[in-house]
Amino acid sequence: MNTPSIDSTVKRKRFWPPTLLFAITGLLAVIAVPLYGFIYGYHWYQWLAFAVMGAMCSLSITAGYHRLWSHKTYEAHWSLRLLFALFGAAALQDSILKWCDHHRHHHQFVDNNDRDPYSAKRGFWFSHIEWMMYEYPTSYQNFKNVQDLQRDKIVIWQHNNYIPITVTMNLGILTLLGIITGDIIGMFLLAGALRIAFCHHTTFMVNSIIHKFGSQPYRDDVTACDNKIVNFFVFGEGYHNYHHAFQLDYRNGIHWFHYDPTKWVIKALSLVGITRNLKVASPVKIQKAKLDLQFKKARKKLQSKSAHRGVKEALQSESLQFTHTLEEWEQLQSKKTKRGEKLSKWELTQIQTKTNELAYSLKMQGERLQALMKHGQEGKTMEAL
Ligand SMILES: [Zn+2]
Ligand SMILES: [Zn+2]
């Protein structure tokens, strides 16, 4: 098989079905939807259908395609997997198998222009939508990295029947709702075109905007950022820097006050047994990732000879304490994984409590470090005056 070249001067084959889909739904959403609304107006039930179908499609992508199938951050009852398969197909973002294959490559080879299917380093437009519209070397899929998913009957059924499911979930539901409410065109425009365009571009923003703009508290070796503004539209997927650091965590926003509706839905469904085995990253590892970066930045800042000596010494002592805390944590981990010995509940609780204490102490150290750097900066400003 001839693999197409990545050379940008090469004329690439266009994939017409996705190109037409994006063009038609996009044009209808920005021209026909407001025009029809201006002339005929929309009813509240059409907006309700837009919101409900939009939420179902978006959640099927974020909680289903992404956190359940791509990353296996939790397990779900077959009824929920079926619902995600149906509304995921309605979102018109390809079958679960194809989506997860691309996404696992994205994580494995992030920012590698030859291997990451939507590498942000190939440009904003490419990572947003262009990667689906033309033939690239990364367009080829052999599904080797989704062999585990091929054992899920619902995944295979959806993959083999993707077109009929997509047509039924879109044309079928919208026609039915249109007949019931007496306005088929209005229903198709709002709950059809606008909903599809909205779900498409909000998902695509994660690969484009969020891989370009935002903060990087956990990793600075990838383009992925945390972006709280875009996060509002992407059901919690905006904590993408965290996600690229801890992809096995079912949460993307780790604190209770973090806006992450996908996490809330998964957690709520676990209370009634529909989801189970929700995975979370170790709090110590999370704090360690943050502190590693803080130390790196602090050392870089204090490299100059003019840096305050006291601040440099304080940083040195914080660094020693950091190493000591991590050693304590490693000892705890080895206690937990001692071979041939089953730990009692009391021992496990003791280890857990100690782990939480260490995570808290690292968190506090992060705050001290921040204050220290601020103090160093102020000190420098005073000297300059
Ligand atoms: Zn992911
Ligand atoms: Zn990413």
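Reply: Helix α5 (residues 124–133) is mostly covered, with eight of its ten residues buried. This is a predicted model, in which local features need pLDDT of at least 70 and side-chain atom pairs count only at pLDDT 80 or more, while totals for chains, interfaces and linings use all residues. Residues are numbered from 1 along each chain as its sequence is written, chains are lettered from A and ligands numbered from 1 in the order in which they are written, and side-chain values use heavy atoms, leaving out hydrogens and water.

Me: What covers the buried residues of α5?

Reply: Buried means under 20% relative accessible area, with a 1.4 Å probe and protein chains only. Helices are DSSP runs (H or I, at least four residues), numbered from the N terminus. Among the buried residues of α5 are Phe126, Trp131 and Met133. The cover includes α1 (16–39), α4 and α8.

Me: Why does His66 count as buried?

Reply: The term applies to residues under 20% relative accessible area. His66 is therefore buried, as its relative accessible area is 2%.

Me: Is the site of the zinc ion (ligand 2) tetrahedral or irregular?

Reply: The protein donors here are His106, His211, His240 and His244, each through NE2, at 2.1 to 2.2 Å. Four donors count as tetrahedral if all angles lie between 85 and 135 degrees; four count as square planar and six as octahedral if opposite donors are over 155 degrees apart and all others between 65 and 115; anything else is irregular. With angles of 93 to 158° among the four donor atoms, the site is irregular.

Me: Which residues have the most contacts inside the largest nonpolar core?

Reply: A nonpolar core is a set of buried Ala, Val, Leu, Ile, Met, Phe, Trp, Tyr and Cys residues joined through side-chain atoms within 4.5 Å. The largest one has 32 residues. Those with the most contacts inside this core are Trp69, Tyr74, Phe84, Ile96 and Leu149.

Definitions and conventions:
Donors are N, O and S atoms within 2.8 Å of the metal (3.2 Å for Na, K and Ca); water is not among the atoms, so sites may look incomplete. Buried means under 20% relative accessible area, exposed over 50%, partly exposed in between (1.4 Å probe, protein chains only). Helices (H or I, at least four residues) and strands (E, at least two) are DSSP runs, numbered from the N terminus. Contact means heavy atoms within 4.5 Å.
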